[in-house]
Amino acid sequence: MELLSSLLLSGLRKLLEELQACKRSSEKQETENQQKEDLSKSQETQSEGLAFNEENETANCLLFVLERILFHGLKESNWFGVKKKDHLWVCVNRIERKNKQGAEAVSFCRSLSSSALARGRLFIRYCLNEKSFPLFLSLLIWDKSFTKEHYESQSILNNPLHATEFLSLLVELNNFDFFFFVKDEKLENERYWNEYFE
């Protein structure tokens, strides 16, 4: 499990580098285009910058890796003798009680789907769009009773060193603009990523 934690964090670092390279390339192209146009025209047509969405392969890989990190090491719940692995949504619900913005995020995701799996995926997209991931995840990660209850000891969220690195990478994600579509019925599909990567 330790190796998987390291691989997931390494993958997230690599995706951040790719997003940064894409952003620099876009900014360079925009600067070159602005230099070709006269000043008044460029002010009228100036874009608001690069926003990553589902059309960008790196952004989709980012969604996948974030989902894997948040699902990594989730404990199984025992419901009347039936063991079942928790969904991320069970954990996200805790944010609702900790922070007003968190309550709004949870309510928003709850309004869009009845599926726990889809709500967890929607929450990831919402947090990236709103640049709120570091805030919301820090509320969960530093709540030791929460991490002990829901995550195995070797998970990224329950390991102080990995959790700190993960949060710092999430802070770096706030340097990018994301515009992920959140009303997607396909997010309820267990095989969502299998179909995407096929």
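**Figure 1. Contacts across the protein chain.** Of the contacts (heavy atoms within 4.5 Å) in the protein chain with a separation of 6 or more, 71% are accounted for by residues 24 or more positions apart. This is a predicted model, in which local features need pLDDT of at least 70 and side-chain atom pairs count only at pLDDT 80 or more, while totals for chains, interfaces and linings use all residues. Residues are numbered from 1 along each chain as its sequence is written, and side-chain values use heavy atoms, with hydrogens and water left out.

**Figure 2. Helices and strands of the protein chain.** The protein chain holds 10 helices and 4 strands, which are DSSP runs numbered from the N terminus (helices: H or I, at least four residues; strands: E, at least two). Along the sequence, their pattern reads α-α-β-α-β-β-α-α-α-α-α-α-β-α.

Figure 3. Helix H9 (residues 160-173) contains histidine 162. This histidine 162 has a relative accessible area of 10% and is therefore buried (buried is under 20% relative accessible area, exposed over 50%, partly exposed in between, with a 1.4 Å probe and protein chains only). Apart from neighbours within four places in sequence, histidine 162 touches Glu2, Ser5, Ser6, Leu9 and Ile156. Across the protein chain, buried residues make up 42% of the 198 residues.

**Figure 4. Leucine 4 in helix H1.** Leucine 4 belongs to helix H1 (residues 2-36). Because its relative accessible area is 43%, leucine 4 counts as partly exposed.
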